[in-house]
Amino acid sequence: MATITGENGKVMFGTDSGGASTTVASVRSWTVEHVKDTIEDTSMGDAARTYLSGLHSFTGSMEVLYDAATQDGQAIFEPNNDNTLSVEFFPNATGVKYVGNVIVTSVSRTASFDDVDSATVSFQGTGVLHSETIT
């Protein structure tokens with residue numbers, strides 16, 4: 001089994017008029033949780049509970065380091081922006097990427113005397129989360 005590490009991972013968002021996405025600067029980590037609802041259809045007389053497959057959704061977060069040179073690029077991830085963002089999550093430089101639209105729901109900023117300043121950006125997916133082969 002070939003295992004991979006995340007050091008070449010990245011997050012990209014939006015599309016400019018030329019069709020290119022912008023890489024989010026200074027991402028330290030990201031998480032995307034993809035879940036599926038179940039709908040119970042058990043009725044009287046059944047010997048065990050049964051379920052139907054329901055809708056799926058995704059949520060997630062990413063940790064970014066504050067970088068004075070790139071803060072304008074990180075400003076798109078503010079909850080007061082009412083934009084739905086097209087986002088691509090790359091676990092590595094090869095394999096698959098995860099693509100979907102998100103709404104930023106919160107930003108938690110952290111500053112400490114013995115660490116770099118960072119922020120955790122949380123988001124709610126809207127629509128389908130696709131996995132695509134990186135080309």
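Guide: Helices (H or I, at least four residues) and strands (E, at least two) are DSSP runs, numbered from the N terminus. This is a predicted model, where local features need pLDDT of at least 70, side-chain atom pairs count only at pLDDT 80 or more, and totals for chains, interfaces and linings use all residues. Residues are numbered from 1 along each chain as its sequence is written, and side-chain values use heavy atoms, with hydrogens and water left out.

Visitor: How many helices and strands are there in the protein?

Guide: One helix and seven strands. Their order along the sequence is β-β-β-β-α-β-β-β.

Visitor: Which strands pair with β7?

Guide: Two strands pair if DSSP finds at least two bridges between them. Strand β6 (residues 96-110) runs antiparallel to β7, with 13 bridges. There, Val102 has Gly125 as its bridge partner. Strand β4 (residues 51-65) also pairs with β7 (residues 118-133) in the antiparallel sense, over seven bridges. Thr59 stands opposite Gln124.

Visitor: What joins Glu88, Lys97 and Glu132?

Guide: Side chains of opposite charge can pair when their charged atoms come close. A salt bridge needs a side-chain nitrogen of Lys or Arg within 4 Å of a carboxyl oxygen of Asp or Glu. Glu88 and Lys97 form one at 2.9 Å. Lys97 forms another with Glu132, at 3.9 Å. Lys97 lies in β6 and Glu132 in β7, so this pair ties together parts 35 residues apart in sequence. Salt bridges with shared partners join Glu88, Lys97 and Glu132 into one network.

Visitor: Is Lys97 buried or exposed?

Guide: Buried means under 20% relative accessible area, exposed over 50%, partly exposed in between (1.4 Å probe, protein chains only). Lys97 is buried at 15%. Glu88 is buried at 14%. Glu132, at 34%, is partly exposed.
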